[in-house]
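Keep it brisk and go part by part.

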Amino acid sequence: MLAPYAASDANTRGRVYPEPRPAHRGEHQRDRDRIIHCAAFRRLEYKTQVFINHEGDLFRTRLTHSLEVAQIGRSIARALGLNEDLTEAIALAHDLGHTPFGHAGQDALNDCMRDYGGFEHNLQSLRVVDALEERYAGFNGLNLTFETREGILKHCRVKLAAELGELGRRFIDKRQPSLEAQLVNLADEIAYNNHDVDDGLRSGLIEIDALRDIGLFAEQYETVRRLHPDIASRRAVHETIRRMIDRVVGDVIVESRRRIGQAGVTSIDSVRAQPEPLIGYSPAVAEQALALKRFLRRHLYAHEQVQRVTRQSVQVIQDLFAAYRADPHRLPPQTREQLAAVRPGEETARARLVADYIAGMTDRFALAEHARLAGSAPASRLNT
């Protein structure tokens with residue numbers, strides 16, 4: 001039972017390449033299934049979230065992060081009467097275009113591509129599902145529905161939006177995406193804010209005493225200690241983070257329900273016509289979430305150990321890009337064939353193919369390629 005303002009099979013804008021309707025599942029279920037079965041999704045297992053894959057088996061990867069975003073997103077969607085299958089599809093696909101080495105890898109590749117249109121993992125995720133996956137006889141990409149693709153494209157420069165046709169139109173007209181897309185955007189933030197706390201504490205780079213100045217953590221941690229005075233430290237952390245997520249998710253549901261009612265939306269078209277997103281935190285929780293985000297930025301992401309690995313990973317990406325651009329014969333046969341089909345002088349298209357190849361690498365494959373091109377023994381890890 002979907003709310004009238006939810007996305008559904010009945011109001012989908014369809015696929016770029018028309019296909020018969022699925023016989024035993026919905027259109028957005030089909031999207032979800034295609035994403036799970038694609039190669040880019042499997043590679044997320046070996047792509048960095050905050051800590052490089054070899055730094056510890058229990059740290060989040062892009063794959064586990066995506067699963068956690070999907071779980072949070074579905075919980076919110078069900079409470080609000082939204083399309084859970086679409087929500088899950090967007091959540092599982094939102095990081096498909098991420099580079100190896102997390103945001104450091106993205107920034108490095110963007111710098112390499114500065115003269116060729118830049119690089120942004122959000123747009124690359126769309127490129128993966130629209131063009132780069134090669135699984136189906138009738139088309140490149142996964143041929144996902146408009147609604148799933150809309151949710152993947154969270155933000156876009158107006159100049160580039162004009163090149164994306166109907167999909168980019170909302171950035172020009174300043175319209176909103178579906179509620180499902182809006183909630184995945186927030187579920188992504190909820191997941192990494194809270195789970196980066198867990199990984200940061202596990203790594204020893206941040207400490208509980210420092211977090212006790214952060215309201216969202218302190219409130220729940222003190223509650224756990226009061227209710228369970230003899231609880232072990234590690235279990236106290238898990239219980240605290242569980243309660244933090246519950247607190248924030250509950251707030252989003254209540255606040256979003258209030259906004260939806262106040263706006264009086266009755267269809268997905270009326271959702272798109274709103275001046276502001278309808279899914280969001282209450283002002284008090286928004287302030288707490290921002291304080292937590294700022295804490296993580298200062299104490300975890302800017303930590304010298306993280307930054308040391310970041311500097312090494314940036315160098316790996318830059319070296320790979322320079323080597324492939326200087327000598328395309330170092331690329332695999334398929335990419336060389338694609339380069340051969342590019343007309344002379346179209347350097348942006350050539351650079352984009354190199355970026356596609358690098359962005360698709362896992363952390364460990366990028367390290368192995370870097371060692372191969374340097375003529376050294378394969379590196380299994382960055383120095384932490």
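## Nonpolar cores

A nonpolar core is a set of buried Ala, Val, Leu, Ile, Met, Phe, Trp, Tyr and Cys residues joined through side-chain atoms within 4.5 Å. Buried means under 20% relative accessible area, exposed means over 50%, and partly exposed lies in between (1.4 Å probe, protein chains only). The model is predicted, so local features need pLDDT of at least 70, side-chain atom pairs count only at pLDDT 80 or more, and totals for chains, interfaces and linings use all residues. Residues are numbered from 1 along each chain as its sequence is written, and side-chain values use heavy atoms, with hydrogens and water left out.

The largest nonpolar core has 79 residues. Ile 35, Leu 96 and Leu 211 have the most contacts inside it. A second, separate core has 26 residues, including Leu 109, Met 113, Leu 331 and Ile 358. In soluble globular proteins, nonpolar side chains tend to be buried together.

What does Ile 35 touch, not counting residues up to four places away in sequence? The list is Phe 41, Ala 89, Leu 92, Ala 93, Leu 96, Leu 142, Leu 144 and Thr 148. Contact here means heavy atoms within 4.5 Å.

Helices are DSSP runs of H or I with at least four residues, numbered from the N terminus. Two packed helices are described by the angle between their axes and the distance between the axes. Axes are lines fitted to C-alpha atoms, for helices over the stretch in contact, and angles run from 0 to 180 degrees between N-to-C directions.

Helix α1 (residues 27–37) packs on helix α4 (residues 84–93) at about 25 degrees, with axes 8 Å apart. That makes α1 roughly parallel to α4. Angles under 35 degrees count as roughly parallel, over 145 as roughly antiparallel, 65 to 115 as roughly perpendicular and the rest as oblique.

Ile 35 is part of this contact: His 28, Gln 29, Asp 31, Arg 32, Ile 35 and Ile 36 in α1 meet Asp 85, Leu 86, Glu 88, Ala 89, Leu 92 and Ala 93 in α4. By class, the contact has six nonpolar, two polar and four charged residues. Ala, Val, Leu, Ile, Met, Phe, Trp, Tyr, Cys and Pro count as nonpolar, Asp, Glu, Lys and Arg as charged, and the others, Gly among them, as polar.

## Helix α16 against helix α19

The axes of α16 (residues 304–326) and α19 (residues 363–374) come within 10 Å and cross at roughly 55 degrees. So α16 is oblique to α19.

On the α16 side, the contact uses Gln 315, Val 316, Asp 319, Leu 320, Ala 323 and Tyr 324. On the α19 side are Ala 366, Leu 367, Glu 369, His 370 and Leu 373. These residues divide into seven nonpolar, two polar and two charged.

Is Glu 180 buried or exposed? Glu 180 counts as buried, at 0% relative accessibility. Its place is in helix α10. Beyond its neighbours within four places in sequence, Glu 180 is in contact with Ala 6, Ala 7, Leu 82, Asn 83, Leu 86, Thr 87 and Ile 90.

Arg 247 sits in helix α13 (residues 233–263). Arg 247 is partly exposed, with a relative accessible area of 33%.

## Positive phi in two loops

Asn 143 has a phi near 50 degrees, a positive value in a residue other than glycine. Asn 143 lies in the loop between α6 (121–132) and α7 (146–152), and is buried at 5%.

Lys 174 has a phi near 55 degrees, also positive. Lys 174 lies in the loop between α9 (169–173) and α10 (179–203), and is exposed at 65%.
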